[in-house]
Amino acid sequence: MKHILVTGNMGYVGPAVIKRLRQAFPGAHLSGFDIGYFAHCLTGTATLPEHRVDTQHFGDIRKFPAALLDGVDAIVNLAAISNDPMGNAFEQVTMDINCYAAAELAKLARERGVGAFVFASSCSVYGFAEGGARREEDPLNPLTAYARSKIETEEHLADLGADDFRVTCLRFPTACGMSERLRLDLVLNDFVAAAIASGEIEILSDGTPWRPLIDTQDMARAIEWAIGRDAAPGGFLAINAGHNGINYQVVDLAKRVQARLPGISININENAAPDKRSYQVNFDLYEKLAPNHLPQVDLDQSIAELCAGLQGMNFATVNFRESENIRLRVLNRHLEDGRLDSDLCWAEHKRVA
């Protein structure tokens, strides 16, 4: 593998992916491509994570320069409006970036002779799923714009996969863990931050919904596998990426944080309306195809690393849900200050006559 391009590398997951790829492919040229919405949202790091790439490009994936694909062997597409609140606030932009731009990039990549395309999809496509853990062939029930964008992208990509263009859609569980660009709008990360800052975890639901979780380091392991996987079982593959021990109920996540930080309280909203986003996921296929790239960071390690990272930063922001650790807040502030327009494009500087 001579040249790997990672789009959206300057977000929450990107630093872990670049670090892993640098270790796995030490001789490869690593390129990043990012629009830079969250480039300034650094947490607990003394260096810019992008020092690990050979080339960093800045741009909008909706206007991707095809020339950047010359000589590229593999693409990892992380670029996305990356959660339900942002997807609901910017529904059309979410489709444009997450789906249409990703599909166009894959089309360009195939035309330019790129050999592998890895798409960061999501287990949220299962939405509300009763009756056991969901397998890849089970019906999908996306409940949000974000989830719908992922499924529609998979449908576009399915038409592009071929023996000489391996397309892998990794349906990731909910991400968690420490990062050099930490997000606190993820369930486990939120619980740890709340516990440290206020000594209290507030569960907005009744605590019963199911979620599978995966640490960013293990997402990076899965991406490494997808880049180099065998062509079998075909040019296109959509697969649940994880293992069968990572399905949790929300209340159990809070209790595991409480076990790490004794003395904190847990408040459950017993009268909350049911959270329809509840699903368990079956990872048998991934365990079969990627036995050397299964998740290795267990829940307690993710919690411990989050605690160490936040405490090392002297984190004490009780109102952290209004901070730049919440991605929707960052976008809204860019908009309020005129840096972005309503399509989430960087506003042009106006010349003063």
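I began at Ala-158, which counts as partly exposed because its relative accessibility is 35%, a value between the 20% and 50% cut-offs. A reminder to myself: I am working on a predicted model.

Where does Ala-158 sit? I found Ala-158 in helix 4, which covers residues 145–158. I also checked its C-alpha distance to Ala-103, and got 9.9 Å for a pair that lies 55 residues apart along the chain.

I traced an open sheet of seven strands, running 3-2-1-4-5-6-10, with parallel pairing. Which strands stand at the edges? They are strand 3 (55–58) and strand 10 (236–240); each has a single partner strand, so one side of each has no neighbour in the sheet. From one strand to the next, I noted an average twist of 15°.

I then zoomed in on the strand 10 end. Strand 6 (residues 166–172) pairs with strand 10 in the parallel sense, and I have five bridges down for the pair. What is the bridge partner of Arg-171 in strand 10? I found Asn-240 there.

**Helices against the sheet**

Helix 6 (residues 216–228) was my next stop. I followed helix 6 across strand 1 (3–7), strand 4 (74–77), strand 5, strand 6 and strand 10. Against strand 6, I have helix 6 running at about 160°.

For helix 1 (residues 14–24), I asked which residues are buried. My list reads Gly-14, Pro-15, Ala-16, Val-17, Ile-18 and Leu-21. What covers them? The cover includes strand 1, strand 2 (29–34), strand 4 and helix 6.

**The whole chain**

Last, I zoomed out. I counted 10 helices and 12 strands in the protein chain. The C-alpha atoms fill a box of roughly 60 × 55 × 35 Å along the principal axes. I compared the radius of gyration, 20 Å, with the value near 20 Å for a compact globule of 353 residues, and the two agree.

Of the 353 residues, I have 55% down as buried. Among contacts with a separation of 6 or more, 83% join residues 24 or more positions apart.

Terms used
Residues are numbered from 1 along each chain as its sequence is written. This is a predicted model: local features need pLDDT of at least 70, side-chain atom pairs count only at pLDDT 80 or more; totals for chains, interfaces and linings use all residues. Side-chain values use heavy atoms; hydrogens and water are left out. Helices (H or I, at least four residues) and strands (E, at least two) are DSSP runs, numbered from the N terminus. Buried means under 20% relative accessible area, exposed over 50%, partly exposed in between (1.4 Å probe, protein chains only). Two strands pair if DSSP finds at least two bridges between them. Axes are lines fitted to C-alpha atoms, for helices over the stretch in contact, and angles run from 0 to 180 degrees between N-to-C directions. Contact means heavy atoms within 4.5 Å. The radius of gyration is taken over C-alpha atoms; the globule rule is 2.2 Å times the number of residues to the power 0.38.
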